[in-house]
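Please read it alongside the sequence and the coordinates.

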Amino acid sequence: MKLSSEPEKFEVIFLPHGRRDFFELGTRLLDASRALAIDLASDCGGKGTCGKCKVRIDEGLESLGKIKPSEEKHLTKDMIEGGYRLACLAKIRAPLKVYVPEISRVGKQRLQTEGLEVPVTANPFVRKYFVKMPVPTLHDVRSDEDRLLDTLKKQYKLDPNTLVMEFDIANDFPKIAREANWEVTVTVWKDIGRYKIITIEPGDTSGRCFGFACDIGSTKLAGFLMDLNTGKVAAVGSRMNPQTPMGEDVLSRITSVMMGGKEAQDKIHNLVVGGINEIIEECCEKANVNINEIYELCFVGNTAMQMLFLRLWPQYTAFSPYPPVLRRGVNVPAPKLDLKSHPNANAYYVPVIGGFVGADQIAVIQATRMLEREEITMDVDIGTNTEIALGNRDLVTSDSCASGPAFEGMEIKFGIRAATGAIEAVSIDPSSLELIHRTIEDQPPVGICGSALIDIPAELLKSGLIDLKGKFVSKMAEETNRLRKGAEGWEYVIAWTDESATEHDIVITQGDIRELQKAKAAMHTGAELMLRMRGMTEKDIDKMWLAGAFGNYINPENARTIGMYPELPTEKYVFVGNAAGTGARMSLISQEERAYVEKISTTVVYYELATDPDFQSEYARANYFPYQDLNKYPLTRDLLLRLGRIDEKGKFIYPE
Amino acid sequence: MSEKEEILKKFVEASAGSDEEKVEEALNEAKELGDAQLIAQLKLIRGVDIGDEEMCAEAAKEAVEAGMAPYKAIIDGLAKGMEIVGGKYECKEYFLPEVLMSADAMYSGLNYLLPLIPKDEKGTKGKIIMGVVEGDVHDIGKNIVKAMLTATGYELVDLGRDVPTDDFIESAKKEGAQVIAMSTLMTPTLMSMKTVEDKLKTTGMKDKVRTIIGGGSVTDEWRAKIGSDAYGKDAMEAVDKVKMLIDQIMVAVKKMKETEEEEK
């Protein structure tokens, strides 16, 4: 007998958003997703007819009972076995963990694949050669292989002694050659010390030679289908990294693998490869390319991603002193990784520097050419893990800090990815306290994405709505009804219910501000300690390259106002967008670039932040907006002084 | 209530409620009263509350000069201040940076006062072995808990970070500690906590010492899974639970001794 009249409630967690709440017994999963502002699609209004709201139940599947006939109509057998259900037909009867796949998400995600364009001449490892072989006669009885090698030598001056034919094509080659009247295209991949003939195609296909470059981010995947003949991008695509249900940060993913053993290792590998294969297929469709026309693939990503993608046991790298398994670049036959491409394609993973400084950081250093410069530059690659590099051609040092996914909208109450309807910019008039926001594609707001999550604390600070410690100034509730006390303490309304596409006000909570504070403090600490270790200050920096998924959407002054990075005059900041993606493309299309990344990996010196005795005190100071010592932020100090937020001594002025 | 007690009460309440005016008032009243010990005590509390290292160091000296016992200066001054900070952290008034700075301020006072305490007055309440487990070097969380525990008067043996599992056990044996407190921020290193727990069981130490775990990646489910005795979700809760564990083990040890004697 139940004594309490309170209805029973169960916790439901939506991934990859990381949002959760308790819901009453019998609540429809679709309604729960709406209450949490999850971007789950539904065209039929939840009648079970459109089949758009497909979700994967990762935990608690048994509680949903048997699959319903209308679900069977919309779900394939594989999907049903994989735990897929329709959210509108599923009722909550137990705690659930729900994964919202890419196909079920509302709105087009902004790709955020744009990056620095570095002029690189295409000189790929894969080349296609169209040959016209002489027909065999009784006077010319060379083997088919010799006939081909001799022709390659004659037509293209390729040395037969360095050429090897991939064994598994020898069987089909004679037939193909004869059917094509001895006119074939030979694809040659340059291995270390030799050339490999990886495929022979009938006729002249030399104009069609493609490769695929991919930046494997902990949160996002960005892929580029490249024309290897021209070095140009043929198509781009992006996805959320499907590994997030196995852990939001890389360390929890490694833990999942450690605890789950081989099976978990295979699963996490399959998840990311599944996401990459989806992008490959999408790009191929867009550019009208056959998957078999992809002859090489190139990947960058942090060291954890390298291990999980290549199926290297990651346990020991997660323990101090965090040694990586493989530092050098890795060449693997693509089928070994289950990648969709030509069966004889090679997959290359760019080298890493250390356990926490990976190929993504190498790619940024490569794309910005900081190792070649006289001037001192700092690279900051903003992400769940923020990597920082500092120096010039004499010495480049690099470190990494765990900044967390807050600026990617994770663990933020109304945080979402940068997709249609996401609030991407916010400004507040400091005197009238009037708020203006802009959404992606000007659609009614559904949530807040990363770039706005930088604007919000900056604008709140400038308007005196939060103090230098990041606390809401409760007294200001008398001035604006946007500031109010909610269920979880003070919160500020960014968009009201009636203007939003959701059924509630979109707010930023005190807890959200704390998450953003911790994230930006980690980034700042990484930069500050690196400068100090090198005996420099921010004044020594000639240029700061800001890379990361934000692309060019963030407001650099607002990011500076909250103290995400050291304060420099605005013109010294340069946004390079997804520089890791740029690096992946460069290493795909150029042999010189691939040699260059190997060089970076041995030249750049890794600096372990955790051993820095100042880490804790510096992190504490960096938790302030913008920083505890305003003398390090003179521009921001002057701005706040002008706005009347602080006095001459730098003390925050609270309203009377 | 004496005038001195009234001023102290007013000051503590005002500090806890962040009522700057009242804090100022109470300080002035103490000055008017001219009680040097009281002034030093208020400054110790204030210094910790606002995270002012210099103020704490200065006040510690003044307290001793005014004839206050060093142990009393720690408990009634620095620890009181830390208690206020803990309360403000709990009600979200304070955040990480304030707590870290308060901890630094407290240590600046402690560094002066601790060497002045006679040996026989030390370590009467209980002893705790603490550290960040093997494989992890992130120690901010542990340091906050350490500061809070120091303020309660327990004796602490801090093994630092990336502590080999055997060291926790050896040191607990050697020091005769009641509690082992382990922390980790990272998830893979959760396994190191399990290793310590398993070893405590196989070496027969489990009855003699209690364990508490905490840190960014630690949950109560993990505690239950590895059989640790307590989980502290934050520094404040950790302190309460450590107190509870020490009381438990003291009672248990006493009982064990009594039965042993009875058997004799």
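## Backbone features in loops

A:Arg369 lies in the loop between helix H8 (359-368) and strand S16 (377-382) of chain A; helices (H or I, at least four residues) and strands (E, at least two) are DSSP runs, numbered from the N terminus. The model is a predicted one, in which local features need pLDDT of at least 70 and side-chain atom pairs count only at pLDDT 80 or more, while totals for chains, interfaces and linings use all residues. Residues are numbered from 1 along each chain as its sequence is written, and chains are lettered from A and ligands numbered from 1 in the order in which they are written.

Although A:Arg369 is not a glycine, its phi is positive, at about 60 degrees. Most residues other than glycine have a negative phi, and most peptide bonds are trans. A:Arg369 counts as partly exposed, with 14 C-beta neighbours inside 10 Å. In these terms a residue is buried if 20 or more other C-beta atoms lie within 10 Å of its own, exposed if 12 or fewer, and partly exposed in between, with C-beta atoms placed from the backbone.

A:Trp182, in the loop between helix H5 (173-179) and S8 of chain A, is not a glycine either and has a positive phi of about 65 degrees. A:Trp182 is partly exposed, having 19 other C-beta atoms within 10 Å.

| Cis peptide bond | Omega | Loop of the proline |
|---|---|---|
| A:Ser320 and A:Pro321 | about 5 degrees | between helix H7 (303-310) and strand S14 (330-333) of chain A |
| A:Phe625 and A:Pro626 | about -10 degrees | between H14 and helix H15 (634-642) of chain A |

Strand S11 (residues 220-227) of chain A is mostly covered, with eight of its eight residues buried. In a regular strand the side chains alternate between the two faces of the sheet. In S11(A), A:Lys220, A:Ala222, A:Phe224 and A:Met226 are buried on one side, and A:Leu221, A:Gly223, A:Leu225 and A:Asp227 are buried on the other.

S11(A) pairs with strand S10 (residues 210-216) of chain A in the antiparallel sense over seven bridges; two strands pair if DSSP finds at least two bridges between them. A hairpin of three residues joins S10(A) to S11(A), and A:Gly211 stands opposite A:Met226.

S11(A) also pairs in the antiparallel sense with strand S12 (residues 232-240) of chain A, over eight bridges. Here A:Phe224 stands opposite A:Val236. Four residues lie between S11(A) and S12(A) in their hairpin, and A:Gly231 in the turn has a positive phi of about 80 degrees.

## Helix H6 of chain A

How far does H6(A) span between its end C-alpha atoms? The span is only 33 Å, whereas a straight helix of 38 residues would span 56 Å at 1.5 Å a residue; the expected span is 1.5 Å times one less than the number of residues. H6(A) has a kink of about 140 degrees centred on A:Gly261, the bend at a residue being the angle between axes fitted to the seven residues ending there and the seven starting there. Just after H6(A), A:Asn288 takes a positive phi of about 55 degrees.

## Domains and chain contact

Chain A is assigned domain 1 (9-104), domain 2 (126-202), domain 3 (213-349), domain 4 (370-404 + 517-637) and domain 5 (407-512); the bounds come from an automatic or database domain assignment. The C-alpha centres of domain 2 and domain 3 of chain A are separated by 32 Å. Their contact takes six residues from domain 2 of chain A and six residues from domain 3 of chain A, where two residues are in contact if their C-beta atoms, placed from the backbone, lie within 7 Å.

Chain B is assigned domain 1 (3-120) and domain 2 (123-263), and the C-alpha centres of these domains of chain B lie 28 Å apart. Domain 1 of chain B gives 13 residues to the contact and domain 2 of chain B gives ten residues.

Between the chains, 22 residues of chain A are in contact with 20 residues of chain B. Helix H6 (250-287), helix H10 (510-533) and helix H14 (615-622) of chain A are the elements that give two or more residues to the chain A side.
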